[in-house]
Amino acid sequence: QGQLVESGGGSVQAGGSLKLSCAASGFTYSPNCLGWFRQAPGKEREGVAGIRTRQGYTYYADSVKGRFTISLDNAKRTLYLQMNSLKPEDTAMYYCAARRYDCASYSWFGVYNYDYWGQGTQVTVSS
């Protein structure tokens with residue numbers, strides 16, 4: 001069974017940066033789509049960024065475009081999310097997720113499209 005383990009969360013002041021990591025292990029296949037999601041208290045889980053692993057296509061929520069960057073190190077089987085210019089509204093639990101099949105611009109953000117989820121890492125941004 002595939003396993004995803006996130007790390008790198010923490011508390012920062014507005015304008016600061018964090019880099020999240022998601023280590024993948026135990027997969028019997030290479031996921032074709034990986035994503036970062038977040039969920040704030042009382043809110044639904046939302047897609048932050050996605051990547052189509054074979055082609056390297058990346059997708060971003062409008063709220064994070066220009067500030068966040070998703071990347072993948074295939075050799076290390078690790079997904080990253082570089083977060084710059086953080087805002088208090090970025091405060092949430094961040095999750096990585098894996099999907100066996102390809103994703104596209106109209107599907108990467110769908111929570112129900114993913115097969116595996118990590119346990120999450122908390123990001124808190126203070127003003």
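First, a term I need throughout: buried means under 20% relative accessible area, exposed means over 50%, and partly exposed is in between, with a 1.4 Å probe and protein chains only.

Ground rules next. I am working on a predicted model, where local features need pLDDT of at least 70, side-chain atom pairs count only at pLDDT 80 or more, and totals for chains, interfaces and linings use all residues. Residues are numbered from 1 along each chain as its sequence is written, and side-chain values use heavy atoms, with hydrogens and water left out.

**Entry: overall layout**

I looked up secondary structure and got 0 helices and 11 strands. Helices (H or I, at least four residues) and strands (E, at least two) are DSSP runs, numbered from the N terminus. I checked the radius of gyration, taken over C-alpha atoms, against the globule rule of 2.2 Å times the number of residues to the power 0.38. For 127 residues a compact globule would come out near 14 Å, and the 13 Å of this protein agrees. The C-alpha box along the principal axes is roughly 45 × 25 × 25 Å. Buried residues are 46% of the 127. I also looked at contacts, meaning heavy atoms within 4.5 Å. Of those between residues at least 6 apart in sequence, 61% join residues at least 24 apart.

**Entry: cores**

I searched for nonpolar cores, that is, sets of buried Ala, Val, Leu, Ile, Met, Phe, Trp, Tyr and Cys joined through side-chain atoms within 4.5 Å. The largest has 29 residues, and W36, L81, M83 and Y94 have the most contacts inside it. Several strands give two or more residues to this core, including strand 3 (18–25), strand 4 (33–39) and strand 8 (78–83). Strand 9 gives the most, with 4 residues. I picked M83 and skipped its neighbours within four places in sequence: it is in contact with G16, S17, L18, L20, R67, F68, Y94 and V123. Another core, of 7 residues, lies apart, and among its members are C33, A97, W108 and Y114.

**Entry: rings**

How many aromatic pairs does the structure hold? I count 7, with Phe, Tyr and Trp rings (six-membered ring for Trp) pairing if their centres lie within 6.5 Å; planes under 30 degrees apart are stacked, over 60 edge-to-face, the rest tilted. F37 and Y114 are edge-to-face, 5.1 Å centre to centre with 80° between the planes. They sit 77 residues apart, F37 in strand 4 and Y114 in the loop between strand 9 and strand 10 (116–117). F37 counts as buried because its relative accessibility is 0%, and Y114 is buried too, at 6%.

W108 and F109 have ring centres 5.7 Å apart and planes at 90°, so I log them as edge-to-face. Here W108 is buried at 4%, whereas F109 is partly exposed at 42%. F27, Y29 and Y116 form one aromatic cluster.

I then looked for charges over rings (NZ of Lys or CZ of Arg within 6 Å of the ring centre and within 35 degrees of the ring normal). K19 has its charged end over the ring of Y80, 4.6 Å from the centre. R100 lies over the face of Y29, at 4.6 Å from the ring centre.

**Entry: T121**

Beyond four places in sequence, T121 touches E6, S7, G8, G9, L20, A92, M93 and Y94.
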